[in-house]
Amino acid sequence: MKKDQILEKLKTVNYPGFNRDIVSFGMVKEIVIDRDIITIMLSFSSKNEEKKEQLIKSIIDTLNTDNFNINVKILEQTNSDVVDTTNKEANVQGNIKNIIAVASGKGGVGKSTIALNLAAALSSLGFKTGLLDLDIYGPSLPITMGVNKNPIVDENQKITPIEKNNMKLMSFGFISGNQAPVVWRGPLVAKMTEQFFKDVNWGELDYLILDLPPGTGDVQLTLSQKIPLDGAIIVTTPNDISLTDVRKGADMFKKVDTSLLGVIENMSYMNIKGEIPGKENQKIVINNKQIDVIDGKFNFNFNLFKSGGGLEESFRLNIPLLAEIPYSEDLMLSIDSGDPLVLSSPESDVGKIFINVAKKITK
Ligand code: ADP
């Protein structure tokens with residue numbers, strides 16, 4: 001085996017808990033081949049022995065060779081990109097009591113919608129709240145909060161977050177004008193993510209809600225290394241495909257010792273209400289389901305997907321199912337209106353669900 005072949009194989013070994021490989025992380029410092037011994041010098045700073053052993057094992061399994069002895073040598077940490085925790089608090093401007101990440105395995109499950117309404121619910125309960133849209137590849141806050149201006153940068157190069165609806169808001173979209181930096185890779189993303197904490201004047205906050213990009217990428221890695229996360233909420237839809245992805249995300253938070261506060265299942269069902277004037281206390285059949293009509297009115301929940309996925313996942317992770325949010329046209333329309341539903345219609349069924357989740361989080 002030659003050095004470049006070994007390197008190619010190592011590109012398929014992921015850092016434990018992440019979707020990114022150890023070569024692109026810059027952890028592989030040197031490969032030495034001496035007769036039948038391959039030595040791989042690895043920069044790895046985690047004090048987590050289990051993680052270390054797991055990584056060594058997956059390197060040996062991946063190289064899978066009988067002709068060589070494989071020796072993985074862990075180098076003392078220097079300035080590698082992969083640094084576990086030091087003083088994470090020092091990386092955050094201002095005084096933020098709780099930093100909570102809203103995460104999902106894949107896009108389009110309603111994570112941004114939930115992060116926004118959860119932040120707004122916390123704010124409506126009287127907590128000083130900030131919302132940081134870290135979905136740098138597709139920032140949504142400029143649209144969902146109807147914000148179309150650049151934040152002010154002061155003489156010390158610190159950014160003042162934009163205030164709306166009693167919340168402090170920050171999004172890559174406020175700076176970039178929504179030009180998604182799709183070509184950004186690791187170190188640049190890491191730097192940008194850090195700056196959202198270090199260079200933004202958050203001031204005093206009870207809660208800072210983070211809207212993460214989907215999956216387990218560079219933003220998540222930076223957060224787990226540099227930022228004192230107090231908890232994470234996992235958003236999923238009830239169908240299986242999304243759950244497979246969500247599992248990876250949830251497992252990543254567990255591996256980096258961030259406590260999981262709970263699962264929110266979105267688009268769990270659709271509530272259908274209707275009236276059939278004149279039809280009193282009878283049954284009608286919709287989609288092979290018998291529905292009661294009482295005083296000319298009917299009301300039932302229709303499952304859009306196989307149901308129960310969120311509950312199943314909450315059992316697996318041993319964390320609560322915080323809410324089952326129905327498919328709601330009002331919620332969908334509110335996203336383009338610039339005002340979160342929980343503020344415009346706090347008394348609606350969905351509004352109440354968000355307030356309820358916010359109360360659970362504060363507990
Ligand atoms: P993600 O952040 O996971 O990519 P978004 O929050 O951007 O997802 O939501 C994707 C789309 O689904 C948006 O158009 C949003 O308005 C819509 N949506 C999210 N949750 C619901 C819901 N419960 N009912 C109806 N539409 C929803």
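1. Which backbone atom of Lys111 lies 2.9 Å from an oxygen atom of the ligand, and of what kind is it? It is an N or O atom of the Lys111 backbone. The structure under review is a predicted model, and the points below should be read as a description of that model.

2. In the side chain of Thr113, an N or O atom stands 2.5 Å from an oxygen atom of the ligand. At Ser328 the backbone is involved instead: one of its polar atoms is 2.9 Å from a nitrogen atom of the ligand. The ligand, taken alone, exposes 560 Å², of which the protein buries 79%.

3. The shell around the ligand comprises 16 residues, and those that come nearest are Gly108, Ser112, Thr113, Asn266 and Ser328. By class, the shell holds eight nonpolar residues, seven polar residues and one charged residue. At least two shell residues come from each of the helices α3 (111-124) and α10 (329-337), and likewise from each of the strands β10 (260-275) and β14 (321-327).

4. With β13 (residues 297-302) the sense is antiparallel, over six bridges, and Lys273 faces Asn299 of β13.

5. A separate topic is the open sheet of three strands, ordered β1-β2-β3 with mixed pairing. Strands β1 (28-34) and β3 (69-75) are at the edges and have a single partner strand each, so one side of each lacks a neighbour in the sheet. From one strand to the next, the twist averages 15 degrees.

6. Within this sheet, β1 and β2 (residues 37-43) run antiparallel and are paired over six bridges.

7. Helix α1 (residues 3-10) lies across β1 and β2, and runs at about 135 degrees to β1. Helix α2 (residues 49-63) packs on the sheet as well, touching β2 and β3, with its direction at about 145 degrees to that of β3.

Technical notes:
Residues numbered from 1 in each chain as written. Predicted model: local features only at pLDDT ≥ 70, side-chain atom pairs only at ≥ 80, totals over all residues. Heavy atoms only, no water. Near = heavy atom within 4 Å. Polar contact = N/O pair within 3.5 Å; in protein donor to acceptor, adjacent residues only side chain to side chain. Areas by Shrake-Rupley, 256 points an atom, 1.4 Å probe, with all protein chains shown as cover. Helix = DSSP H or I, 4+ residues; strand = E, 2+ residues; numbered from the N terminus. Nonpolar A, V, L, I, M, F, W, Y, C, P; charged D, E, K, R; others polar. Pairing = 2+ DSSP bridges. Axes fitted to C-alpha atoms, helices over the stretch in contact; angles between N-to-C directions. Contact = heavy atoms within 4.5 Å.
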